[in-house]
Amino acid sequence: MKNQRLPYWLTLGVAIVFLFMHAPLLVLVLFSFNDSKFSMEWKGFTTKWYERLAERQDILDGLYSSLTVALGSTAIATVLGTLMALALARHQFRGRRAMEALLYVPIVTPEIVVGISLLILFMAAHVPLGLGSITVAHVAFNISFVAVVVHARLQGMERNLEEAAMILGADEITAFFRVTVPQLWPGILSGAMLAFTMSFDDYVITSFVAGTDAATLPMVVYAMVKKNIEPSVNAISTVVLIATTILIFAADRAGREKPLTAEKAPVE
Amino acid sequence: MTARRRFLRFFHERPQFKAWALLAPGLIWLVLFFLIPLTMMFGYSFMPRNVYGGVDFGFTLENYGRFFDPLYLKIVVKTTLYAIGCTAICLLLGFPVAYAIARGGRFRNFLIFLIMLPFWTSFLVRMYAMMFLMRDSGLINKTLMDAGVIGTGFEMLSTPFAVLTGLVFGFLPFMVLPIYASLEKLDHALLEAASVLGARPAKRFFRVTLPLSLPGVIAGSLLVFIPALGSFLTSDVLGGAKEILVGNLVQNQFTSARDWPFGSAASFVMMTLVLGAVTLYLRVRDADEAMGK
């Protein structure tokens, strides 16, 4: 797929599609610095909308709730998902195909269905709604995503190094923590990053299981969007955008690094 | 023998047990917080409504019967049509983009990054960005008025155009990535062979490139169709009260309308459509693979 140049009309068409995909967000960011409350006219540069954000307690609380939920649910989902991926990639057992099918159910189920079905469970079981119930819900949809990402990485991984370690006298536990985990680390990290972003961004599921007292950042943003008041919405959106962009770069770097010292050692 | 060695030997002698020990924590979580809630929701969809929220005990088919009411039937049909329309537009826009990236030479990585970027960005923020452009006093209306194309701002939000544009804007990356993946794997030798054998570029595209990218096209279509069918935020933010899809109907039953059984039934109508799409995908994929061999 190379050598020949693309036809002129195709390049133009593709450029327009890229514009459609990115221009709306650029406009949003640009107008978060506009010194005018209502008008779409450019009235000069200001950072006052950002200053307003810092004064709002609900936004700071929302950010704190979101980080708590995202960190907690990512940690649990990453461990559980990685273990499931290990079982699926490394072991033969009865019911394997059913297990793989089960892993895909959360991925294809619409978010709103996940949200209301969990609400039904929590209400019937008298589980108090709040940050705890949100975390439980986020783990439930994130396990599958972690398992699928780690499973893909495991399939491309050879077992030579583990076998070598065991021949050299390591038992299974040592081989797992000193060889398998470092080798698998980029996969685990990308799974965790995916889980973190999905948890941090989720509005639909969260809104159903949050109850009346807890509010994550997307819930605060949603309320602001619905009221549609001032450019503060643009400012908070820009903050969320920048936070996720930093996360992608971090995930990308983490995914590339290979912390396994054996590979870095010079071959004699 | 130390505890550690006893532990290892126990699992070494029972490989099945070891696999299930690894699976158990995640499996229990998925059963408790995924399968059981879905089963409960299925049960609720057959029960009479309790006016204070929740359900009364009993059995009724009335919740599903209501979908024959033209009012609700229209919502289901409309949602399906929007999902199909969104998938078709994404395919039309996404294929050329994937094709251009696959041939993008040294810009390839940067272009892939541009496709990945919205994929990772908050969906809510992206829908707000669309709303910001489209609202009555938004940039599109203002630009058109300044240019003298229109006299007064016209209403773009709460129209099918707004919802469909929002859906395409939201899910286009899901279409581009799988098509790109299958185009990238395409063997250049096959294209050269076609040229050597006298195929013109257009024929070469339709007889070689397009058929070989079919797995990506099918996967991309499913990845767009499913979330479009289950979408709630897009129509909520861009459609207002006028553009109601099944997702909004479900949400409404669990919040203001307080009719949980009907909401559960609506969810299962949605799930049935999704499972239908997945089944169709598996059929087509298997047929495609069988043809390849």
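This is a predicted model: local features need pLDDT of at least 70, side-chain atom pairs count only at pLDDT 80 or more; totals for chains, interfaces and linings use all residues.
Let's start inside. The largest nonpolar core holds 149 residues, and the members that touch the most others are Met84(A), Cys86(B), Ala98(B) and Tyr128(B). Which helix gives the most to this core? That is helix 8 of chain B, residues 160-184, with 15 residues.

Now pick out Cys86(B) on your screen. If we leave aside neighbours within four places in sequence, Cys86(B) is in contact with Leu164(B), Leu167(B), Val168(B) and Phe171(B), and also with Val224(B) and Ala228(B).

Next, the place where the two chains meet. Here 64 residues of chain A are in contact with 67 residues of chain B. On chain A's side, helix 1, residues 8-31, gives the most, with 12 residues. Sorted by class, that side of chain A has 50 nonpolar residues, 9 polar ones and 5 charged ones.

Last stop: a pair of helices in chain A. How do we describe such a pair? Two packed helices are described by the angle between their axes and the distance between the axes. Helix 3 of chain A, residues 57-90, packs against helix 6 of chain A, residues 131-155, at about 40°, and their axes are 6 Å apart. Because of that angle, helix 3 of chain A counts as oblique to helix 6 of chain A. The crossing is right-handed, and the contact between these two helices has 16 nonpolar residues, 12 polar ones and no charged ones.

Conventions. Residues are numbered from 1 along each chain as its sequence is written. Chains are lettered from A and ligands numbered from 1 in the order in which they are written. Two residues are in contact if their C-beta atoms, placed from the backbone, lie within 7 Å. Helices (H or I, at least four residues) and strands (E, at least two) are DSSP runs, numbered from the N terminus. Ala, Val, Leu, Ile, Met, Phe, Trp, Tyr, Cys and Pro count as nonpolar, Asp, Glu, Lys and Arg as charged, and the others, Gly among them, as polar. Axes are lines fitted to C-alpha atoms, for helices over the stretch in contact, and angles run from 0 to 180 degrees between N-to-C directions. Angles under 35 degrees count as roughly parallel, over 145 as roughly antiparallel, 65 to 115 as roughly perpendicular and the rest as oblique. A crossing is left-handed if the near helix is turned anticlockwise from the far one by less than a right angle, and right-handed if clockwise. A nonpolar core is a set of buried Ala, Val, Leu, Ile, Met, Phe, Trp, Tyr and Cys residues joined through C-beta atoms within 7 Å. A residue is buried if 20 or more other C-beta atoms lie within 10 Å of its own, exposed if 12 or fewer, and partly exposed in between; C-beta atoms are placed from the backbone.
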